[in-house]
Amino acid sequence: MNEGMLILLSLASGLYRVEIHVAGRAPGAKDWQTLACEEYATRLGGGSIAVETKWYKTGASLEKKLMGLTPLLCLDPRGPACDSERFATEVFDRLDRGGSRLHVGIGPASGFTDALRAEADLLSLSDLTFPHQLVRVLLLEQLYRASEIRRGSAYHK
């Protein structure tokens with residue numbers, strides 16, 4: 001069963017929807033990952049980007065869901081690395097081109113298959129390897145940072 005968590009990001013324009021698709025077990029309500037995501041929900045509240053996390057028990061079930069979704073951005077070490085400004089540009093370009101919707105895949109421990117890599121846009125958050133639940137926290141922070149960059153706030157220095 002997929003469990004979703006809705007987080008609203010604050011932006012000045014339009015309604016955007018980002019769906020984060022993750023292979024692995026959803027954390028419990030009191031796990032540190034959930035608490036970290038709730039912190040970003042508090043910081044982001046009341047805005048115009050809805051971010052929902054969907055969990056899949058296996059990498060195969062995740063990939064089956066991701067195949068055919070557009071626009072699709074998969075976090076993968078084979079993708080180009082970028083700084084926060086480029087990340088903001090990449091995300092909002094895809095949102096603007098994709099009918100205000102973006103799907104982001106966080107892969108299983110074994111990584112994405114070549115078939116999915118060929119279909120998706122790839123992006124690397126780091127040369128380091130992280131557990132998928134930590135990547136989700138990093139991704140939410142970067143989405144918040146991207147929204148603040150676009151808004152022109154002082155959050156991103």
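**Cysteines and aromatic pairs**

Modeller: A search of the whole structure finds zero disulfides, a disulfide being a pair of cysteine sulfur atoms within 2.5 Å. This is a predicted model, in which local features need pLDDT of at least 70, side-chain atom pairs count only at pLDDT 80 or more, and totals for chains, interfaces and linings use all residues. Residues are numbered from 1 along each chain as its sequence is written, and side-chain values use heavy atoms, with hydrogens and water left out.

Biologist: Is Cys 37 buried or exposed?

Modeller: Buried means under 20% relative accessible area, exposed over 50%, and partly exposed in between (1.4 Å probe, protein chains only). Cys 37 has 0% relative accessibility and is therefore buried; Cys 74 is also buried, at 0%.

Biologist: How many aromatic pairs does the structure hold?

Modeller: A pair of aromatic rings is described by the distance of the centres and the angle of the planes. Rings of Phe, Tyr and Trp (its six-membered ring) pair if their centres lie within 6.5 Å; planes under 30 degrees apart count as stacked, over 60 as edge-to-face and the rest as tilted. The structure holds three such pairs. In one of them, Tyr 16 and Phe 92 have ring centres 5.8 Å apart and planes at 70 degrees, so the pair is edge-to-face.

Biologist: Which parts of the chain does the pair of Tyr 16 and Phe 92 link?

Modeller: Tyr 16 belongs to strand S2 (residues 16-23) and Phe 92 to helix H3 (residues 84-97), 76 residues apart. Helices (H or I, at least four residues) and strands (E, at least two) are DSSP runs, numbered from the N terminus. Both Tyr 16 and Phe 92 are buried.
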